[in-house]
Amino acid sequence: MELARKLLGCLLIHRTLDGAAGGMIVEAEAYVGAIDKACHAYRNRSGRTEIMYHDGGYAYVYLIYGMHHCFNAVTGPEGEGNAVLIRALEPVIGLDLMQQRRHTKTVQHLCSGPGKVCQALGITKNEYGLDLCAADSPLRLIRYRHIPEALIVATPRINVAYAEEAAAWPWRFYVKDNLYVSK
DNA sequence: GCGGAGATTTCC
DNA sequence: GAAATCTCCGCG
């Protein structure tokens, strides 16, 4: 939660053979393995979720609904199963490349959703477990801009109605009035 | 080896 | 508002 808030304003960059693409994080959701029924790591340590139990700074990527990838930043500490889902970016780098990948020219729609972010940046499960802080990593998180507390809005998370009491927890954070936040 | 679940997107 | 569509996990 604290970390999800801090991630707003950071830059997420993916370098590939086609070039670099990335943007500033404007929307994120926190997931806590220990108590959160919406979290994949909630009483479910195995295969896909293993990386979430590691210390922070790694990428957790998974495929959902057979067609879309979602990107998460593991926040640690080790053994907890915590992660932050990146839901939206404000495009900054590699606009052409992202437009090509997303098959749209509308910059506003390039990264306004978890699946779109991965498609625009070319993130797949091949990027699972990458170190987000290492200087030589193709996928990196970089401090970019500080978002004033007054501009951060907290709401319940999206599409987790099944999580019972956890569904109402205000763990979705986004930048107020930013055009690139998902609806 | 099989069946179901799933943090979405897009188009009618 | 519904359909599209696939991988991983759990169980037999």
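Modeller: Helices and strands here are DSSP runs, numbered from the N terminus. The model is predicted.

Colleague: Which helix supplies at least two residues of the surface near DNA strand B?

Modeller: Several elements each supply at least two residues of that surface. Among them are strand 3 (59-64), strand 4 (68-74) and strand 5 (82-93). The helix in the list is helix 3 (114-121).

Colleague: How many residues surround DNA strand B, and how many of them are charged?

Modeller: The surrounding residues number 20, with His-40, Asn-72 and Asn-159 among the closest. By class, 10 are nonpolar and seven are polar. The charged residues number three.

Colleague: What does the side chain of Tyr-62 approach on DNA strand B, and what does that of Tyr-162 approach?

Modeller: Both tyrosines are listed among the closest residues. An N or O atom in the Tyr-62 side chain is 3.3 Å from a base nitrogen.

Colleague: Is helix 3 mostly covered or mostly uncovered?

Modeller: Its buried residues include Val-117, Cys-118 and Leu-121. Strand 1 (11-16) and helix 2 (95-102) are among the elements that cover them. Six of the eight residues are buried, so by the under 20% cut-off helix 3 is mostly covered.

Definitions and conventions. Residues are numbered from 1 along each chain as its sequence is written. Chains are lettered from A and ligands numbered from 1 in the order in which they are written. This is a predicted model: local features need pLDDT of at least 70, side-chain atom pairs count only at pLDDT 80 or more; totals for chains, interfaces and linings use all residues. Side-chain values use heavy atoms; hydrogens and water are left out. A residue is near a molecule or strand if one of its heavy atoms lies within 4 Å of it. A polar contact is a pair of N or O atoms within 3.5 Å; within protein, one must be able to donate a hydrogen and the other to accept it, and residues adjacent in sequence count only if both atoms are side-chain atoms. Helices (H or I, at least four residues) and strands (E, at least two) are DSSP runs, numbered from the N terminus. Ala, Val, Leu, Ile, Met, Phe, Trp, Tyr, Cys and Pro count as nonpolar, Asp, Glu, Lys and Arg as charged, and the others, Gly among them, as polar. Buried means under 20% relative accessible area, exposed over 50%, partly exposed in between (1.4 Å probe, protein chains only). Contact means heavy atoms within 4.5 Å.
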